[in-house]
Amino acid sequence: FLDYIKMHYNNISCVHFSYITSTTKKIALSLAINKLSNLTNDSSSASDFSNTEYHTDKKFYLRFSRNYHWSKYSYLYGASSNPLKPYTIGGIFNDVVQQNPDRECLVSQHENKRYTFAAMDIEVDKLCRSFNTIGLKHGDRVGIWMPNCVLYYKAIMATARLGLILVTINPAYQSDELKHTLILAEVKCLITLEKFKSQNYPEILEKIDSDIWNRPSNTPIKSKILPMLESVIFDSENCINGAYNLQALLDMGCNSNYSIPKIQPDEGCIIQFTSGTTGKPKAALLNHFALMNNAHCIMKRVGIEDDIREGKLHKFCNPMPLFHASGLSIGALGPLITKSTVYLPSAHFDPKATVDVLTKEKCTFMFGTPTIHLDTMSVFEKLPPEQQDNNIKIAITGGATCSPNLMNKFRKMFPRAKILSLFGMTETSPCSFQNFINDSDEQIMSTMGFIQDHVEAKVVDTNGHMVPFGTPGELLVRGYLIMNGYFNDEEKTKEAIDSNGWLHTGDQFVLYEDGYGNHVGRLKEMIIRGGENLFPKEIEYFLESHPMISQVQVYGIPDRRMGEEVCASVIIKKGATVTEADIKAYSKGKISHFKIPKYIFIEKDGFPLTASGKVQKHKLREMAIQRISKLDTLLTHSYLMSKDEPPLSDSCSVLLTVNYIITEYIDTGDHTFRCPENFYLHFDSQSNNHWSKYSYMCGASSEPLKPYTIGGVFNDAVQQTPDREFLVSRHENKRFTFAAINSEVDKLCRSFDAIGLKHGDRVGIWMPNRAFYYTAIIATARLGLILVNINPAYQSDELKHSLTLAEVKCLIIIEKFKTQNYPEILEKVDPEIWKRPPNTPIKSKTLPMLKSVIFDSENSFNGAYNLQTFLDMGFNTDYTIPKIQPDEGCNIQFTSGTTGKPKAALLNHFGLINNAYSIMKRLGIYDDNNKGKLHKFCCPMPLFHTFALSIAVVAPMVTKSTVYLPSAHFDSKATVDVLTKDKCTFIFGTPTIYFDSMSTFEKLPPEQQDNDLKIAITGGATCSPNLMNKFKNMFPRAKLLSLFGMTETSPCSFHNFISDSDEQIMSTMGFIQDHVEAKVVDTNGDMVPFGTPGELLIRGYLKMNGYFNDEEKTKETIDSNGWLHTGDQFVLYEDGYGNHVGRLKEMIIRGGENLFPKEIEYFLESHPLITQIQVYGVPDQRMGEEVCASVIVKEGASVTEADIKAYCKGKIAHFKIPKYIFIEKDGFPMTASGKVQKFRLREMAMQRISSLS
């Protein structure tokens, strides 16, 4: 053993011992450990291997290899302190028009037209009127089938303003492609030209439907083949039967008004077709929020936004087609958000026109594919030196990496400028990686940039497991930038976006620990040659170093012997002569023989390109196979078809009518269109309709999310602080260090393995708070099992529902607790359950999934395992730790049941750990512990509740703190004992827990009240003035804070800062949590103004995976845009704080008045004799509902219903005074987690009212 350790010492990060039963072996291992301690200069003594010893040697308790640590795996998060904003395209356009009306907006060089923002706004207004005239409604699809022109820009803004969806169609499409596009997107109106290049658009449409033009001009069309299509608009001087002439349509709209609908940022606004580099495009529906925030992030990173703020205006050169995602984002929305001018050099990419714009208009910013840049520079370098003067400062290349060839040529042509890389795809709106302006040339050439702000990325293998940094795999992306889905194609959407919200890009990618990433190729492009995985990019990079080659594309073609062979298509430099043999000779000895292309084709006519300038590799592959097939009949068309055939693949709430304004153009003589003064502003700057006034918040933070798992974080804590006390169970008189708990966890893992539990199985735990609960949480997390937390108060029906719903395979319980007899309750579920020998699997017809029941008891039960016997079963077994992904479900928490029967929320490692970390960071506890100021946590809450799971289990692991369990079930005396005797510094609980604990505390003699309490959190309800005042009197050195959340949000979405004032703590539920989005909406789903109550929606990493085994309820709760509908009435404020008003179902509608129980409760709590109050609605025949209150009065006090009503009179509106008031002498009905069950109070009240009637 020792020799092995010495030999492999540098590669070993842990030593793990199975249970050793032989005394001789124990002694031998102890001696070995002592020798190894000397070897590593560690003076610690050897472990005592007795089963009763809880403490283990601090050097040898780890069982995970260094390579399995979460921090080594390909996950990145683009943390940013700049929050996302609820932008809409129309809203931003209106802002810019208002703020910079006379600034130049658009210059179309090929049309010889120039527009200010004000003039463009008039044009957009005209088009909106025309759309309204032909009956287009919010959500209708408008197709645009033309090259770059002014009308394209107008259409983008007009459709965005009206809430229409613009369908951008490649102007090169022929009839079949156009037909597919129009049908898939259900286009209702099509805007097009008469002719462009060789395209005759009326003729192409006629090929689809020969009867399409058999109607009078300037009238709607009717087409059996295209039934959704009602209007075709031609931007032409001619009139075409069955179609609208653009000018005639604009004239028709002159006298019409239009209403701007309430447009939500998440609404789809653009359908962009995927670029078609791997086959037939799909229709990606992009939304305002993603497009505008992504454009903003791009502009911020390249420094343009900061330049604009300093008055350094930029001019954008856009040679990219506007139907392309990057053309739209950078060529239309980027200039809009930075209030810049955009230039359209030509209708379709023309390098000469592009160079003209750069040199004559002095554009400062340009973007395009590598091909666009290379072609532009080829023209530029031919200019005489005196014509090469330019102001270019920044260039972006996308679609492929910035090769050394491109970089060197660019630096030579534009020595004062910087070229940067950008990576993305249509479905990511489009950018997910991008260089910074200050990145080195090496970073720009060797990567596709740094992870974009507020975006998550990970790289996975074919099993979906994260690979180590630096290892190629498929790139997955998650965040605000993801498309809404493929329009009208739910199946393809589900293939692309998984249930955890990750978009599978299909790109082979490498992530690096420094936050950068590099594109290796498409998954479908990877060449598998004789078992070797070859990445085309690597070979392309090498071949580009050949002095005679300017461009190269590498791909695989079928080969009977090797599976695939490497093939290259190359473009050689002008005037150069090079052969296939020359290139192979150049490669020999420089790259591996199997990477040298077997076939090389010199492409004299260039590469086949998409309209946006991307190389169509599938077409190169088809050409190559045809060429080779003439020589080799083994390569057949059937293979081509099976493998390579292309697959089928704001104004935020503006409610005003814009009246028609008689306008005129002022021709300045240079074709610049300006409008008369005062005729371009549509919106008042103070209008409440502005997007910035609406209830949306993003918790921006420069602290990144981490791909934590509970098992991984626990292992870190064990490794770093093995001897630190982790858990003290006061009522069991047990204390554990991190190392000792790890030993217990290991025992339980072995036993779980011994009974055949596998990754993903559900393990139920049905017991109150005790030390073993912690062991079970950590052991299940380590093995990738899902722990199902069951309320120990459940009776047979509730238990049956829980076990059946969660498909529990193994159940861990105790024998008795209080009045609960757990074996008897199980027997009520299935009378046959115990009719088997003890310590054997069970068989139950009622609970067919349940295979094992484990009793933490000294007694044995038929059909069940005794815990100690169960642990002994695992002595001689070992277990394999699966690759657990952070997004995996690990814990099923049942909702609290305040409004009815609980649902089973499946929470994941990632949400729970990052949420607990954020809470601890905001409280200062994480930083305190790092500075050596250790905290002690008091946990009076039940561990089956998500609040306790987060703060009493996960948070102490994250902060390496000690947690105390005062009692099995909440006991105010035990809680106070822990605070005063164990000197806990931190406590959390519901208001009820605090009131009860403080009632006990204040009865102690002064000399017994000494404590070290510093921080307390209240959740489940707001911190009322009554609670705050009482707490401050009892604990003057401590701070009481509010936290808001729910089971489904892991749990915290709002939370106070330690520095918040008492007023902020009492009047709000805290500030939006880091990396979380929140908005408040009305019953139509439209955002309400700040300060207005509505339903709270939450989005972000903290969301549950869903309700287990209940897809229907999951879909009801989490919408298609990823927003979780909380069911809570909430108010958001502009400063980022929020307040809980009540549950949606609790709102009282009395005679048409919407009354919020919280408001009435807050008032009644000011009554001197009332300690607690609950207000709710009860049915009333005349008013619909009436206000009812249940109150608890102070001990010994006497107060009547009439007294309380008299107290209310003249202080609150008469309709808010409760009609019925009940004094609850026995307290309120509560959930096991301490929340008041209002629905039961309501039931009780209705029974009482009924008896009175």
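Visitor: At what angle do helix α6 and helix α7 pack, and how far apart are their axes?

Guide: In this predicted model, helix α6 (residues 175-184) packs with helix α7 (residues 201-208) at an angle of about 70°, and their axes are 9 Å apart. The axes are lines fitted to C-alpha atoms, for helices over the stretch in contact, and angles run from 0 to 180 degrees between N-to-C directions.

Visitor: What is the orientation of α6 to α7 called, and why?

Guide: The angle makes α6 roughly perpendicular to α7, because 65 to 115 degrees counts as roughly perpendicular, under 35 as roughly parallel, over 145 as roughly antiparallel, and the rest as oblique. The residues that make the contact (heavy atoms within 4.5 Å) are Ser175, Leu178, Lys179 and Leu182 of α6, together with Ile204, Leu205, Lys207 and Ile208 of α7. By class, this contact of α6 with α7 has five nonpolar, one polar and two charged residues; Ala, Val, Leu, Ile, Met, Phe, Trp, Tyr, Cys and Pro count as nonpolar, Asp, Glu, Lys and Arg as charged, and the others, Gly among them, as polar.

Visitor: On what basis are residues numbered and values counted in this model?

Guide: Residues are numbered from 1 along each chain as its sequence is written, and side-chain values use heavy atoms, with hydrogens and water left out. Since this is a predicted model, local features need pLDDT of at least 70 and side-chain atom pairs count only at pLDDT 80 or more, while totals for chains, interfaces and linings use all residues. Helices (H or I, at least four residues) and strands (E, at least two) are DSSP runs, numbered from the N terminus.

Visitor: How are α21 and α29 oriented to each other, and why is that word used?

Guide: Helix α21 (residues 710-720) and helix α29 (residues 946-959) pack at an angle of about 45°, with their axes 8 Å apart, and α21 and α29 are therefore oblique to each other. The crossing of α21 past α29 is left-handed, meaning that the near helix is turned anticlockwise from the far one by less than a right angle, whereas clockwise would be right-handed. On the α21 side Ile710, Val713, Phe714 and Ala717 take part, meeting Val954, Met957 and Val958 in α29. The residues of this contact of α21 with α29 comprise seven nonpolar, no polar and no charged.

Visitor: Is Ile1212 buried or exposed, and how do you know?

Guide: Ile1212 has a relative accessible area of 18% and is therefore buried, since buried means under 20% relative accessible area, exposed over 50%, and partly exposed in between (1.4 Å probe, protein chains only). Ile1212 is found in the loop between α36 (1201-1208) and β62 (1220-1223). Leaving aside neighbours within four places in sequence, Ile1212 is in contact with Phe1163 and Ile1217, and its C-alpha atom is separated by 8.4 Å from that of Ile1160, 52 residues apart along the chain.

Visitor: What makes helix α3 largely enclosed by the rest of the structure?

Guide: Nine of the 11 residues of helix α3 (residues 89-99) are buried, so the helix is largely enclosed by the rest of the structure. The buried residues include Ile89, Ile92, Phe93, Val96 and Val97, and the partners against which the buried residues of α3 pack are α4 (117-133), α5 (150-162), β12 (268-273), α9 (288-301) and α11 (325-337).

Visitor: What makes both faces of strand β42 count as covered?

Guide: In strand β42 (residues 852-855), Ser852 and Ile854 on one side and Val853 and Phe855 on the other are all buried. In a regular strand the side chains alternate between the two faces of the sheet. Strand β39 (residues 808-813) runs parallel to β42 and is joined to it by four bridges; two strands pair if DSSP finds at least two bridges between them. Leu811 has Val853 of β42 as its bridge partner. With strand β43 (residues 865-866), β42 pairs in the parallel sense over two bridges, and there Phe855 is partnered by Asn866.

Visitor: Why do β34 and β57 stand at the edges?

Guide: The sheet in question is open, with five strands in the order β34-β53-β54-β56-β57 and antiparallel pairing. Here β34 (696-698) and β57 (1138-1143) each have a single partner strand, so one side of each is left without a neighbour in the sheet. Within this sheet, strand β54 (residues 1094-1100) and strand β56 (residues 1124-1132) pair in the antiparallel sense over four bridges, with Phe1130 in β56 as the bridge partner of Gly1094.
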